Amino acid sequence: MFEENVPLALYTTLKAGGAARRLAIARNREDLALVSQVAAENGWPHQILGWGSNVLPSDRGVEGLVTINRARRIDIKAGGIVEADCGAGFQDLFLRTAQSGLGGFEFAVGIPGSVGGALVSNAGAYRNEVSTHLQSIEVWWEGERRWLDASFMEFSYRDSVLRRENPPAITLLGVRFQLNPRAPKQIYDDAREYQRQRISKQPPPASAGSFFKNVVDAELAKRIPGLTEGMVASGVVPAGFLIQECGLKGKRFGGAMIGSRHANFILNVGGASASEIRRLAEYAASQVRKQFGANLEEEALYIGDWDGWEATGLLAH
């Protein structure tokens, strides 16, 4: 059931980090519930990865058990109900629902990652969020499978209860969404526009997607020149804009680089270690703090053994 000491660079989009002490692959919800039970019985910390697109494992590795969730079933039911495995691709969810004439996930086109990962971080774009359409979640929790109302997740901007300190020890198995019919032309027109914008901004090398959350600060938005009227009105300042204004596009540290197209992407451009990537991210955050007085919060999650790590804001090994 388990492999030992498996490099997690093979399973993450940043292609960095150490090894999983134990690794399992779940191909359906039953497998995922079973390995969750085994981990609980043995007292192992349990980390679940979908597409590994929003995580940075420590160079020291990840203890306990890492499970790769490859349960990818998506069912379209009557009345706009959509049920999906949490290992299903977020973009695949868009494609299946669009083909059924259901709108709501147009923003997901081009977003790497799984449905489960999207829920953990309340993924979104273009003023849309995955939580908007969530009805309920199926979980493994305290030895049994059960369905919970969406309110359990306590969603906020790019956040949920599962991202916070001491989260409940649950495993996300499946989800139910409630979507509404929409004209196919409108669905695909919006999706094509979102995809066009992504292609123009997002870099091809290995990355975690947007590394930092945007800054929600109405006063900051009013005093920074160069923002769009919509950004000023909403009080949202893009993290990439702040990093760019610090002159950090293309900045490198070892094999890690801040994107030259979009400064909220930290790229592995040549065998970067997880520590190099994190140092560069923290350096960017420190420069934004010095210049704008704004605190950037990571959207990417650090997993594994980071004990003793000190955020210096300096580029040094």
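The charged end of Arg-176 sits over the ring of Trp-147, at 3.8 Å from the ring centre. Arg-279 does likewise with Trp-309, its charged end lying 3.9 Å from the centre of that ring. "Over a ring" requires NZ of Lys or CZ of Arg within 6 Å of the ring centre and within 35 degrees of the ring normal.

This is a predicted model: local features need pLDDT of at least 70, side-chain atom pairs count only at pLDDT 80 or more, and totals for chains, interfaces and linings use all residues. Numbering starts from 1 along each chain as its sequence is written, and side-chain values use heavy atoms, leaving out hydrogens and water.

Trp-309 also belongs to a cluster linked by ring pairs, together with Phe-211, Phe-212, Tyr-302 and Trp-306. The structure holds eleven aromatic pairs. Rings of Phe, Tyr and Trp (its six-membered ring) pair if their centres lie within 6.5 Å; planes under 30 degrees apart count as stacked, over 60 as edge-to-face, the rest as tilted. Two of the pairs are tabulated.

| Pair | Centre to centre | Angle between planes | Class |
|---|---|---|---|
| Phe-2 and Trp-44 | 5.5 Å | 80° | edge-to-face |
| Phe-90 and Phe-105 | 5.9 Å | 70° | edge-to-face |

Phe-2 lies in the segment before strand E1 (3–7), and Trp-44 in the loop between helix H1 (29–42) and strand E3 (46–49), 42 residues apart. Helices (H or I, at least four residues) and strands (E, at least two) are DSSP runs, numbered from the N terminus. Phe-2 has 29% relative accessibility, so it counts as partly exposed. Buried means under 20% relative accessible area, exposed over 50%, partly exposed in between (1.4 Å probe, protein chains only).

Phe-90 and Phe-105 are both buried.
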